[in-house]
Each structure stands twice: as C-alpha cells, then as structure tokens.
Amino acid sequence: MSSIILHMDMDAFFAAIEQLDFPELRGKPVVVGADPKGGEGRGVVSTCSYEARTYGIHSAMPISRAWKQCPHAVFVKPRGKRYAEVSRRVMQILQRYSPDLEPLSIDEAFLDITSTYKLHKTPRQLGEHLKQCIQNEVHLTASVGIAPNKFLAKIASDLDKPDGMVVVQADEVECFLHPLDISRLWGVGRKTLPLLKDMGIHTIGDLMQYSLDFLQSRFGKMGVKLYNLARGIDDRLVCTDEERKSISREITYDQDVDDAETHRRTLLYLCNELSRDMRRKKIWGRTISIKVRQQNFSTFTRSRTLEQSMQHFDDLYPHALDLFVRLNLSGKLRLLGVGVSKLESSPGQLDMFADQTQNTSKLDDVLDTVREKFGETSITRASLIDDKHPEKWIRD
C-alpha cells in the first residue's frame, strides 16, 4: 500500500490573523512586513492578503515596491507572538488526525495519514473534516493537498487556494503533473529555470520526454532529481522530529551602509539577540553562519561548524565577526544576518575550557534574570550601547 500524505497550508496566514483580530481590515489589501515609509522603506513583505495580491504584491517583495503598486494598502508590522499562538493551536488540531506530524514552518505542515484516514472513511473526508475544525476553532481557512508523497501533496495544496482541497490518487500522478508549469518542481529556480526554458521545457510534461542519462549529463545530480520529481517520485518520509533545524536573526538597514564599525556593532547586536533566543528555547548549535546582502542585492553566506556546541554570546560573536571579515566585501551593504544550525537540546560534552564557559553562562544568567524581572530594555552589554543612539542597539 502506498503512503497517503497530507500537506496543510494556512491561507495568507499573518494577513488573515490581522483581518481576524481587526474586522475593519476585512476586504482590504493588507500587507504585513516592514514600514514602507512612503515608498522609501527597507525590508520586504512578509505576507499579504488576497486583496493585496490582486495588485501584484507577494511575499519577499521589497516593501517599497509593494507601496508603489498599492499605496492605499494597509501596512502593518508583524506580531510574532500572536502568530505563534495561533500556529500552536493549528498544530494541535493537526495532531488529532495523526501522530506523524512534520511542521515545515509556522503556517504549514505535513501529516502522514496512511494509517489514520480510515477513521474518516476516505482521505478526502479526513481533509475536509480537518479544514472544518480549523475554521470552527481558529476562524481561519487552510488549503489541503493529499497525495502519495510529500512533493505531490505540497504541490496539490497550492493549486486551489484559498480554502482549497486537491486529492491526487496514486494512478493519477502523471496526468496530474503533466500540464503543470516547470517552475512547480522543487529546485527549479532563477538559475535552472532559464536553462530549461531554453531547451523548450515549459511544463513538467515537456521534461518527462527527456531520459535520465540526458538530464544527468546536462545537470549532474540535479538532473536525477528533476527526472524523479517529474514522475512524482519522492521517497522522503514525514519526519516527526519537532526540533528546529536552524535559528537566525537579521537586520535590513534603513539606508545602505559602508561603515565597518556599524557592521561590527550590527553583528554584536544580532549575536546578542540570537543568543538570548537560544537560551529561551534551551537549544545549542554547532554551525554558525552569516548572511550579507549588498546594495545591488547580491547575497553571500558563509558558515563554520565547530566540534563544541554553542549558545552564549561570547561563543557566537567571534566566529560571526571572523566569517564576515573573511568575506572581504567592499561597497555598501543592505542586510546582515547571523544564524545557528545543527541544533541540539543539550550542550554536549564540555571541553577543557569549561571554566570559561561557566563564567559566560553566569553572565548570561544574570542578564536574563534582570530582563525577565524589569523588562527587555532594562539591561544590555556595554559593547552594544551607541553613544548617539543607545536605544538602537538594545532592541528592534
């Protein structure tokens, strides 16, 4: 028996929550993201309502462009805690239908319903019941795709949004994929798409005409992936491990910056906040990475994996700074980010510098205790204070 995988994707999640909490926004174009500042703002669109999408606005679009395309839209700042609260309620609903739950992000998840769908007679009836529960209990809509594997289920959930339901049977896979645009395939992005278009490949059906040997010779390992996905082949299991794969923080400057001291202080701030997040969540990580975006939107990432897991500011910052310096970029920068991956729920084996690590931990404990009692802005590291704008380096 083949697997039956369900993919649930909340519809315009952040914007839908804003319209739910503030009824006066319903029916209006709502854009969640950075402050557009009259078309001069920095940052990007986090998500937007379907009313805003009729103006061509979409996630990850520069906020300045979104404002120019629809200046009368309602622009709101993200409310992370509220979105996380609703997400937890949605995930709790999903767990009623299968213990095999794999959250992908705050607003989407996979469910393996192979052994549980019969409680609702058919996979479609399970999906419809799940959607209705989300509607009744959270008052939001979700789109659902059900198929023999994760790749197909995710495509299916996106085809009939909002409030959609698409079911792909095992014997319908090729017919389902054949007419879809080639951009629907995972891994087909800015670099691969033009190459495929130049070959006359515009649909998944077009790609299916090419042999494995040809695609492998042309695209290497990516060619094998394209060959398999075009035929709906995806052997990945639903992963029930709920641990996060990575955690990160980033800042988009209000104006492009070419000052080395400002970049250094930004990295200080990011590492301080990231360390604080990791301590709250009681997670450690072994790989630290930086993300740098230049004025022309060229983006660079660099990472380093350590033998000893890390969590504290004094562990993160030296590596982040060294990775940044080694990039040796010139010109103005638009964005800086720091991330940690290969996360663990414990710090692992302590090394010979345990005493130093203990001192660092004690300092962080003091900072956390004061913040929890007197507020987030009650205390900060002296190195984060800007004489001209001290509040700038305390919180976003």
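User: How many aromatic pairs are there by this rule?
Analyst: The count comes to 5 aromatic pairs, where rings of Phe, Tyr and Trp (its six-membered ring) pair if their centres lie within 6.5 Å. This is a predicted model, in which local features need pLDDT of at least 70, side-chain atom pairs count only at pLDDT 80 or more, and totals for chains, interfaces and linings use all residues. Residues are numbered from 1 along each chain as its sequence is written, and side-chain values use heavy atoms, with hydrogens and water left out.

User: Why is the pair of phenylalanine 14 and tyrosine 83 stacked?
Analyst: The ring centres of phenylalanine 14 and tyrosine 83 are 4.2 Å apart and their planes are at 10 degrees, so the pair is stacked; planes under 30 degrees apart count as stacked, over 60 as edge-to-face and the rest as tilted.

User: Where in the chain are the two?
Analyst: Phenylalanine 14 is in helix H1 (residues 13-21) and tyrosine 83 is in helix H4, 69 residues apart, and the pair links distant parts of the chain. Helices are DSSP runs (H or I, at least four residues), numbered from the N terminus.

User: Is tyrosine 83 buried or exposed?
Analyst: Tyrosine 83 is buried, with a relative accessible area of 1%. Buried means under 20% relative accessible area, exposed over 50%, partly exposed in between (1.4 Å probe, protein chains only). Phenylalanine 14 also counts as buried, at 16% relative accessibility.

User: Which residues form the aromatic cluster?
Analyst: Phe13, Phe14 and Tyr83 form one aromatic cluster.
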